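Subject: Structure for you to look through

Hello,

Here is the structure I said I would pass on. Please open it beside this email and look for each element as you read.

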Amino acid sequence: MIYLDYNATTPLCDQSREAMLPYLDRHFGNPSSVHAAGREARAAIDDSRDKLAKLLGAKSHELIFTSGGTESCNLAVLGLARCPTSRGGHVISNKAEHHAVLNALEYLEKHENFEVTWLNVARDGIVDLDQLAAAIRPETRLVSIMTANNETGVIQPMHDISQICRERGVLLHSDMVQPFGKIEIDLSLVDAASFAAHKFYGPKGAGVLFLRSGLSIQPLMFGGAHENQRRPGTENVAAIAGMAAAADFALREQEKEHQREKSLRDELAARIVDIFPEAQQNGGLALRLANTLNVSFPGFDSETLLMAFDLEGVCASSGSACMVGSVVASHVLLAMGLSMERAKSAVRFSLGKQTSAEEIDRAVGAIARVFERFAKTKEKDRAYAVA
């Protein structure tokens with residue numbers, strides 16, 4: 001198997017697995033219990049929180065543990081938008097966001113009488129900064145813009161976005177699920193940021209929300225005083241310990257790994273064009289995550305291509321992995337103004353720490369075989385049509 005879907009999820013690193021094992025076995029106490037077993041579990045959570053805070057450049061009490069990136073984004077968007085303030089019910093985002101943000105805002109818009117301003121996204125995937133500045137008004141409660149897109153890898157100009165929000169006194173949340181461990185992130189630019197462990201070689205089912213000191217947030221669930229009354233429920237001790245260890249692993253030699261993955265990605269892109277000259281990169285003109293390659297294959301549909309690649313042992317995707325196995329036209333590419341045909345023929349290849357040059361070479365061979373078969377099938381169809 002050639003795994004080129006790291007933006008969907010990453011393999012668990014050894015450091016994360018080792019950190020988790022004690023809390024899956026002998027240290028099984030409830031971290032809210034006052035006895036020795038509970039205190040051991042609580043100490044693991046506290047240590048993990050301190051470690052993550054240091055790696056993120058945050059304060060320990062600014063981190064809220066969640067079940068993953070989706071909950072972190074939901075808690076930030078819904079929790080901050082719903083907070084009672086003197087402002088009205090206006091929020092700002094764009095249609096290229098992950099569904100964890102997109103659907104949460106659509107819910108506010110449809111069911112809670114919030115007004116949402118959807119910013120335009122250029123063909124390179126960058127939001128319109130002039131429109132953002134003009135859209136902010138006295139009743140605006142929140143702006144939510146992801147740092148790097150999960151489908152195209154396009155990186156937003158967060159310094160400029162932050163400056164616009166700061167000058168106008170508006171809260172800024174950013175979905176940082178994809179960029180952590182791949183590029184430098186700066187939490188001083190935002191008021192809230194979402195992360196998911198399984199995107200940086202940690203366990204699935206663990207995430208964290210950064211919430212700047214002094215900000216209030218409305219909880220989504222009720223039933224306990226956990227996480228300083230911001231997220232009730234018994235903490236997943238093993239996953240939290242694994243997430244902290246994975247974060248440390250992901251940040252090691254980050255720049256060196258960035259260059260290595262960029263070289264492999266660019267080689268893959270060039271060789272795909274050699275195989276299929278009509279291939280079109282999506283978001284290729286913008287600054288992108290080094291590991292992400294989104295390509296449209298005009299004349300084909302994503303589902304057919306993904307199944308054909310899978311039969312050749314290549315794992316790729318058409319976009320977000322959060323649509324429960326569905327293959328539909330990418331809402332991100334459509335938001336960028338690309339045609340329906342181009343959006344429906346897109347495939348995302350995403351690389352990771354375990355991706356090797358030899359795997360890229362094998363993937364190219366597999367892709368070549370797929371298109372050779374398609375070409376032969378087309379020739380047979382022509383022959384039958386003539387006959």
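Predicted model: local features only at pLDDT ≥ 70, side-chain atom pairs only at ≥ 80, totals over all residues.

Start with the open sheet, which has three strands in the order β9-β10-β12, paired antiparallel. Its edge strands are β9 (280-281) and β12, and each of these pairs on one side only. Between β9 and β10 there are two bridges, and the strands run antiparallel. Strand β10 (residues 292-296) is joined to β12 by five bridges, also antiparallel.

Is β12 buried or exposed? Five of the five residues of this strand (residues 346-350) are buried, so β12 is largely enclosed by the rest of the structure. In a regular strand, side chains alternate between the two faces of the sheet. Helix α9 (residues 254-275) lies across β9, β10 and β12, and runs at about 15° to β10.

Strand β3 (residues 90-94) is mostly covered, with five of its five residues buried. Here again both faces are covered: His90, Ile92 and Asn94 are buried on one side, and Val91 and Ser93 on the other.

β3 pairs with strand β4 (residues 115-119) through five bridges, and the two run parallel. Within that pairing, isoleucine 92 has threonine 117 of β4 as its bridge partner. To get from β3 to β4 the chain passes through helix α4 (residues 99-111), and this β-α-β crossover is right-handed.

β3 also pairs with strand β5 (residues 140-144), in the parallel sense, over three bridges. One of the pairs to look for is histidine 90 with threonine 140 of β5.

Helix α2 (residues 36-56) has 21 residues. From its first C-alpha to its last it reaches 30 Å, close to the 30 Å expected at 1.5 Å a residue.

Which residues of α2 are buried? They are Gly38, Ala41, Ala44, Ile45, Ser48, Arg49, Leu52, Ala53 and Leu56. These residues cover an arc of only 160° around the axis, which puts them on the same side of α2.

The buried residues of α2 pack against α1 (14-24), β2 (63-66), β7 (192-196), α7 (226-229) and α8 (237-251). On the face turned away from the buried side, α2 carries the exposed residues Arg39, Asp47 and Lys54. Just after α2 comes glycine 57, which takes a positive phi of about 75°.

Helix α1 can be read in the same way. Its buried residues are Ser16, Met20 and Pro22. They cover an arc of only 155° around the axis, which puts them on the same side of α1. The buried residues of α1 pack against α8.

Regards

Conventions. Residues numbered from 1 in each chain as written. Heavy atoms only, no water. Buried < 20%, exposed > 50% of the residue type's maximum accessible area, 1.4 Å probe, protein only. Helix = DSSP H or I, 4+ residues; strand = E, 2+ residues; numbered from the N terminus. Pairing = 2+ DSSP bridges. Contact = heavy atoms within 4.5 Å. Axes fitted to C-alpha atoms, helices over the stretch in contact; angles between N-to-C directions. Right-handed = clockwise from strand over helix to strand, strands pointing away. Expected span 1.5 Å × (residues − 1). Arc of directions from axis to C-beta.
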